[in-house]
Amino acid sequence: MSNNLVIAGETIAPGQRMRVNLHVARLYDFTEMNVPIEVVRGKKDGPRLFVCAAIHGNEINGVDIIRRLLGHKALSKIKGTLIAVPIVNVFGFNTKSRYLPDGRDLNRYFPGSADGSLAAQLAHIFTTEILEKCTHGIDLHTAGFSRANLPQIRANLSDPVVQEMAHAFKVPVLINANFVDGSLRQAADERGIPLVLFEGGEALKFNEQVIRCGLQGVLSVMRTIGMLPRIAKRTPDEKEDEKKKTVFVARSRHWVRAPYSGILRSETHLGARVKKNQLLGSVSDPFGGDVFEIRARKTGIVVGTATLPLVNAGDAAFHIATFEDSGAVEEQVELFEGKVGNGKSDRFLN
Ligand SMILES: [Zn+2]
């Protein structure tokens, strides 16, 4: 990769920090739509990492993760280049929606095309102006509307660089996820660009612990790939963690669905360890009658939940991931909540 970096026609030299607007479209009222980007180039050469958020316009935790990253003092020591894209789907962000104005999901249209739908055009601009100019990527998401996710990494763990980045994020749950067709993650993989996807929290909310966790994760990846100096020598504890890290890779995952329509009451929480047949919640009529229990099919960790207590039969209620040793994962989740805690609550999302 040449040392020359041009984005949206602007040349960004080593040692320079610059805000650029990537023009993506014009609305029918003739308003110009731009994706705002900040580029931070160190004087010394190194990796080129993009960190992007709000590919789904209503997933805004990542927007604040990037705001805090750009204000972080560590960036004064950066080697290589950080390309921060806090809002990829500017259309959905402005309408508080996951989608583009025509209802398309941008993350199904990568790598896109110059003369396709608006989604395909936006994906194409992102692919050619950002993705293909980078050596590494981090894509920040939250759960979809009316759901919440435990902070987790989804990545292709069979790629050794991706695996290293995933572990560097230091979240207790890693999911070796299949590629979704048309996703940015798939387009990155096809181009040999290692990318990890961080998921945490809820749409249209700022979840303080999730934001802290995402920021620490991004900084930690930057240290691991050599963009920032490592903090200190590794402690014996960390070496021990290193040995155990495969413990946090999920073996499988599944959604437990509401058996009947009604009002859902949860008896568990994100990050909890649930045993096979344990009560997860119940669905009842509005008077509390006709109670139907929802029980765990397998022992595992609750990595996602519905947040809207009104369910139709078949609606996803609890996302359970199974592990070789779910007790160790639960312990790690608790430790982790303590580390990123905001002092007000020990639990994610309360
Ligand atoms: Zn998303």
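In this predicted model, the protein chain is divided into two domains: domain 1 spans residues 6–231 and domain 2 spans residues 252–340. The C-alpha centres of domain 1 and domain 2 are separated by 29 Å. The contact between them takes 15 residues from domain 1 and 16 residues from domain 2.

On the side of domain 1 that touches domain 2, strand S8 (147–155) and helix H6 each supply at least two residues. Strand S8 gives the most to this side, with five residues. Sorted by class, the side of domain 1 that touches domain 2 consists of seven nonpolar, five polar and three charged residues.

The largest nonpolar core comprises 98 residues. Within this core, the residues with the most contacts are Val 51, Ile 153, Val 173 and Val 196. Helix H6 (residues 208–224) accounts for the largest share of the core, contributing seven residues. The core is also drawn from both parts of the chain, with at least three residues from each of domain 1 (6–231) and domain 2 (252–340).

Ile 153, one of the core residues with the most contacts, was examined individually. Leaving aside residues up to four places away in sequence, Ile 153 touches Ala 166, Phe 169, Val 171, Leu 174, Ile 175, Val 196, Leu 197 and Phe 198. Among these partners is Val 196, which is likewise listed among the residues with the most contacts inside the largest nonpolar core.

Methods:
Residues numbered from 1 in each chain as written. Predicted model: local features only at pLDDT ≥ 70, side-chain atom pairs only at ≥ 80, totals over all residues. Core = buried A, V, L, I, M, F, W, Y, C linked by C-beta atoms within 7 Å. Buried ≥ 20, exposed ≤ 12 C-beta atoms within 10 Å, placed from the backbone. Helix = DSSP H or I, 4+ residues; strand = E, 2+ residues; numbered from the N terminus. Domains from an automatic or database assignment. Contact = placed C-beta atoms within 7 Å. Nonpolar A, V, L, I, M, F, W, Y, C, P; charged D, E, K, R; others polar.
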